[in-house]
Amino acid sequence: VLLLLTDGLADAVRPDGERFGVDRLKEVVARGPGDPATLVESLTQATAAFTGRRRQADDHTLLAVTLR
């Protein structure tokens, strides 16, 4: 799977000011399945849960594809 994303995911901030960060992104990707759609959904859900669905200042753009 090839995963492309913008920095908005790592820069997602929860109400106390803590950033989601690259390490959390790596953790979600490492435990996620190889299916691109499920991986995107896992990352979307993880950042939403982390931020409490708080409105973010930056975009969250993801693209995952399977290479054959």
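**View 1. The aromatic pair F20 and F50.** The model contains one aromatic pair, counted where rings of Phe, Tyr and Trp (its six-membered ring) have centres within 6.5 Å. The ring centres of F20 and F50 are 5.3 Å apart and the planes stand at 75 degrees, so this pair is edge-to-face; planes under 30 degrees apart would count as stacked, over 60 as edge-to-face and the rest as tilted. F20 sits in the loop between β1 (2-5) and α1 (21-31), and F50 in helix α2 (residues 36-51), so the pair ties together parts that are 30 residues apart in sequence. Helices (H or I, at least four residues) and strands (E, at least two) are DSSP runs, numbered from the N terminus. F20 is buried, with a relative accessibility of 4%, and F50 is buried at 13%. Buried means under 20% relative accessible area, exposed over 50%, and partly exposed in between (1.4 Å probe, protein chains only).

The structure is a predicted model, in which local features need pLDDT of at least 70 and side-chain atom pairs count only at pLDDT 80 or more, while totals for chains, interfaces and linings use all residues. Residues are numbered from 1 along each chain as its sequence is written, and side-chain values use heavy atoms, with hydrogens and water left out.

**View 2. Packing of α1 against α2.** Two packed helices are described by the angle between their axes and the distance between the axes. For α1 and α2 the angle is about 140 degrees and the axes are 10 Å apart. Axes are lines fitted to C-alpha atoms, for helices over the stretch in contact, and angles run from 0 to 180 degrees between N-to-C directions. The two helices, α1 and α2, are therefore oblique to each other (under 35 degrees is roughly parallel, over 145 roughly antiparallel, 65 to 115 roughly perpendicular, and the rest oblique). On α1 the contact (heavy atoms within 4.5 Å) is made by R24, L25, V28 and V29, and on α2 by L39, S42, L43, A46 and F50. Of the residues in the contact of α1 with α2, seven are nonpolar, one is polar and one is charged. Ala, Val, Leu, Ile, Met, Phe, Trp, Tyr, Cys and Pro count as nonpolar, Asp, Glu, Lys and Arg as charged, and the others, Gly among them, as polar.

View 3. K26 belongs to helix α1 and is exposed at 53% relative accessibility. T47 belongs to helix α2 and is buried at 4%. T47 touches L9, F20 and H60, leaving aside residues up to four places away in sequence.

View 4. D58 is in the loop between α2 and β2 (62-65) and is partly exposed at 32% relative accessibility. D58 touches D7, G8 and D11, residues up to four places away in sequence not being counted. R55 is also placed in the loop between α2 and β2 and is exposed, with a relative accessible area of 80%.

**View 5. R68 after β2.** R68 lies in the segment after β2 and is exposed at 93% relative accessibility. From R68 to L3 the C-alpha distance is 14 Å, with the two 65 residues apart in sequence.
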